[in-house]
Structure formats: C-alpha cells, structure tokens
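Let's take a friendly walk through a protein fold. Have a look at the sequence and the structure before reading on.

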Amino acid sequence: MASMPIAVDRAGKFEKVCGILDLHARRPARLIPILQAIQHEYQYLPEEVLTYVATSLDVPPARVFGVATFYAHFALVPKGKHVIRMCDGTACHVKQSIPVLEALHAKLGTSENCKTTPDMMFTVETVACLGACGLAPVVVIDEQVYGQITPERAVALVDEIKAQEALLQGASANEAGQPSAEASHV
Ligand code: FES
C-alpha cells in the first residue's frame with residue numbers, strides 16, 4: 001500500500017534526499033535511480049527537490065527536469081494515498097476499460113483533468129498496456145493487479161479501501177483519545 005504524500009521536510013534540509021544522493025555517490029549517471037528513490041520517498045518529485053538534486057549533482061536543472069518530465073513513471077504533482085491505474089491499452093479498451101474508468105471517476109468525483117480526490121486519498125489515472133492483456137480489462141490498485149475488472153467490481157474495491165481507511169482513522173482516533181497504559185497507572 002502506498003504511503004501518504006509527505007511534505008518536503010524543509011527543516012530537515014532535505015536530509016532524506018541527501019541520504020539518497022549519498023547512496024548513489026552523487027553521480028550524475030545515477031540520475032534516474034536517484035529520482036526513482038526520491039519519488040518512492042515523497043510519492044512524487046517536488047520541484048524544489050529537483051532543483052536541489054541538480055545543484056547537488058552539479059548538472060543543469062534543465063537536465064533533471066527534462067528527465068523527470070520525459071518518463072511517464074515520474075510524477076511532478078502529488079498523488080493520492082491510493083493510486084488506481086486503469087489500463088487503456090488496445091486489449092483493455094476493446095474489453096470495455098472505459099466503462100470501468102467512468103465508474104471509478106463517478107464514484108470518486110475525479111475526472112481526466114482532476115485525477116486526485118480533494119482529500120488526497122485516491123488518484124485515478126489511465127496507463128498504456130500493463131503487459132497482462134490476457135486478463136483484460138486490467139486495473140492496478142496500489143500495485144495489486146485485478147483482471148477482468150467490471151465497473152461494479154472496481155467500485156466495490158474502492159468501497160473496500162474506504163472501509164479500511166475508516167477503520168484506520170477510527171483506530172487512530174481511539175489511540176489519540178485513550179490515556180496510555182503507563183499514564184493510566186499513575
Ligand atoms: S492492453 Fe491492458 S494489459 Fe495490455
């Protein structure tokens with residue numbers, strides 16, 4: 001499961017980014033794996049981090065931004081906690097991927113132009129062939145592949161995630177409201 005988007009920790013002075021850069025010996029040739037690791041950390045590539053990477057690697061910012069915008073895998077805007085990737089390759093399209101996509105957008109209030117829910121919980125995007133055409137139509141939710149997906153099943157999966165999130169939030173609220181075991185013995 002993807003983690004919540006994390007704000008860049010200015011106070012930490014890009015501590016995590018520094019760690020990633022050090023791991024790759026600050027070699028410009030390692031730019032792509034560096035960006036992959038940063039995206040894994042932040043769920044996207046914050047602009048200020050890209051600038052910092054360019055300075056740290058001593059390469060022009062245009063090169064870093066060029067790589068970040070060239071590969072579809074990289075995201076320059078934050079994504080939701082749960083990323084839903086609907087395949088719209090040829091096989092999936094023929095097997096009715098669009099009705100599934102429309103059902104997801106209707107369920108979540110998202111659209112082609114507004115892919116992420118306001119609460120940053122879900123992002124719905126389309127992708128080219130996922131390489132599982134035999135299972136068409138295919139949707140990937142948080143790296144889990146679902147084949148022969150229908151609009152009803154897709155909506156049910158979203159409901160399952162929402163129910164899990166509600167449980168998590170309930171548990172967090174309970175924890176916050178409960179005195180700790182240590183405190184309760186004082
Ligand atoms: S077209 Fe969807 S997995 Fe290939």
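Predicted model: local features only at pLDDT ≥ 70, side-chain atom pairs only at ≥ 80, totals over all residues.

Residues are numbered from 1 along each chain as its sequence is written.

**Overall make-up**

The protein has eight helices and four strands. Helices (H or I, at least four residues) and strands (E, at least two) are DSSP runs, numbered from the N terminus. Along the sequence their order is α-α-α-α-β-α-α-β-β-β-α-α. Of the 186 residues, 23% are buried. Here, buried means that 20 or more other C-beta atoms lie within 10 Å of a residue's own, exposed means 12 or fewer, and partly exposed is in between, with C-beta atoms placed from the backbone.

**Helix H1**

In helix H1 (residues 15–23), Val17, Ile20 and Leu21 are buried. They fall within an arc of 100 degrees seen down the axis of H1, so they line one face of the helix. The arc is that of the directions from the helix axis to the C-beta atoms. An α-helix has 3.6 residues a turn, so residues three or four places apart point the same way. On the other side of H1, the exposed residues are Glu15, Gly19, Asp22 and Leu23. After H1 comes Ala25, with a positive phi near 55 degrees.

**The sheet**

Four strands form an open sheet in the order E2-E1-E3-E4, and the pairing is mixed. Strands pair if DSSP finds at least two bridges between them. E2 and E4 are the edge strands, each pairing on one side only. From one strand to the next, the twist averages 20 degrees. E1 and E2 run parallel and are joined by six bridges; Ile84 has Val124 in E2 as its bridge partner.

| Strand | Residues |
|---|---|
| E1 | residues 82–87 |
| E2 | residues 122–127 |
| E3 | residues 139–141 |
| E4 | residues 144–146 |

Helix H6 (residues 97–108) lies across E1, E2 and E3, at about 155 degrees to E1.

**Helices H2 and H4**

How do H2 and H4 cross, and at roughly what angle? Their axes come within 11 Å and cross at roughly 65 degrees. Axes are lines fitted to C-alpha atoms, for helices over the stretch in contact, and angles run from 0 to 180 degrees between N-to-C directions. H2 and H4 are therefore roughly perpendicular to each other, a term for angles of 65 to 115 degrees. Leu31, Ile32 and Leu35 in H2 meet Val64, Val67 and Ala68 in H4, where contact means C-beta atoms, placed from the backbone, within 7 Å.

Technical notes:
Contact = placed C-beta atoms within 7 Å. Parallel < 35°, antiparallel > 145°, perpendicular 65-115°, else oblique.
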